[in-house]
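Have the structure open beside you as you read.

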Amino acid sequence: MIKRLALLTLVLSVGMIFAVGCGGGSSSSKTAQLRMVNAVGDSAGYDTLVAGVSFATDLAFNNATAYASVTSGSEQIEFRNTGTTTDVINQTVTLTGATNNTYVAMGTSAQPAGAIFTDTSTAATSGDFQLRIINGSTYISSADVYIVPSTGNCSAGYLSGVSANISGLQFGSASSYQTLTTGSYYLCVTANATKTAYYYGGSSAYASGAVETIIIEDYGGTGPLQIQTLTDATS
């Protein structure tokens with residue numbers, strides 16, 4: 001009798017461990033975080049849907065939504081010109097459970113495209129920050145990106161003496177996260193293998209632990225370039 005009780009206890013214990021290990025009680029694996037970005041410079045605004053349900057309405061150019069919880073797995077994403085029912089983007093993406101994701105509409109209103117990117121949600125190491133660049137511009141479809149200390153500048157003369165942090169970033173692609181020492185920097189964007197900046201914003205200060213995504217945008221396939229900055233994580 002004692003042996004039977006011991007065996008039953010062991011079986012129940014193993015069963016409980018197996019159930020926990022399979023994540024049967026975890027809700028986080030069933031959802032993901034998603035935000036939407038409109039980087040289509042000549043668009044009037046978009047209504048967006050996820051799995052056929054409204055996600056955001058009249059999302060204007062150079063704007064992004066906040067993160068919101070959606071079901072993980074394969075999900076249908078739709079973009080429609082505001083107030084219409086015809087999709088201009090209709091794409092099925094895969095969202096891994098317990099991840100943060102950014103969906104970017106880019107290109108031109110005549111031919112918009114979309115892409116999904118998985119974001120980091122972990123702050124950078126103390127004393128550092130991280131930047132990821134997404135090229136959403138058809139005007140400069142292959143870009144070099146320089147992240148220049150505030151003691152420098154974006155002139156061709158200065159850039160000819162330094163190497164690009166990111167080279168040949170294609171339209172619709174994202175760089176890896178670049179880790180740099182906390183401080184103030186210029187962001188300079190040139191066409192691949194050239195030194196003339198198509199974008200040269202003012203110096204920006206980056207805080208310790210900050211993680212940001214910068215999207216390169218244009219105005220429907222024409223210049224000038226501009227950027228949209230999103231916060232991925234903070235310390």
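Begin with an open sheet of four strands, arranged in the order 13-10-17-18 with mixed pairing. Here strands are DSSP runs of E with at least two residues, helices are runs of H or I with at least four, and both are numbered from the N terminus; two strands pair if DSSP finds at least two bridges between them. Strand 13 (178-181) and strand 18 (226-233) each have a single partner strand, so they stand at the edges, with one side of each left without a neighbour in the sheet. From one strand to the next, the twist averages 30 degrees, taken between N-to-C directions of lines fitted to C-alpha atoms, on a scale from 0 to 180 degrees.

A word on the ground rules: this is a predicted model, where local features need pLDDT of at least 70 and side-chain atom pairs count only at pLDDT 80 or more, while totals for chains, interfaces and linings use all residues. Residues are numbered from 1 along each chain as its sequence is written, and side-chain values use heavy atoms, with hydrogens and water left out.

Strands 10 and 13 run antiparallel and are joined by four bridges; Leu131, for instance, has Gln178 in strand 13 as its bridge partner.

Strand 10 also holds Asn135. Is this residue buried or exposed? Asn135 is buried, with a relative accessible area of 0% (buried means under 20%, exposed over 50%, partly exposed in between, using a 1.4 Å probe and protein chains only). Its side chain reaches two backbone oxygens: that of Ile140 at 3.1 Å and that of Leu169 at 2.9 Å. Beyond four places in sequence, Asn135 touches residues including Met106, Ser141, Phe171 and Ile216, where contact means heavy atoms within 4.5 Å.

Now for the largest nonpolar core, which has 20 residues; Phe129, Ile133, Val145, Ile147, Leu187, Val189 and Ile216 touch the most other members. Such a core is a set of buried Ala, Val, Leu, Ile, Met, Phe, Trp, Tyr and Cys residues joined through side-chain atoms within 4.5 Å. Strands 10, 11, 12, 14 and 17 each supply at least two residues of this core, and strand 14 gives the most, with four. Apart from it lies another core of 15 residues, among them Met36, Val40, Val50 and Val70.

Stepping back, the chain has two helices and 18 strands. Of its 235 residues, 41% count as buried.

Notes:
Polar contact = N/O pair within 3.5 Å; in protein donor to acceptor, adjacent residues only side chain to side chain.
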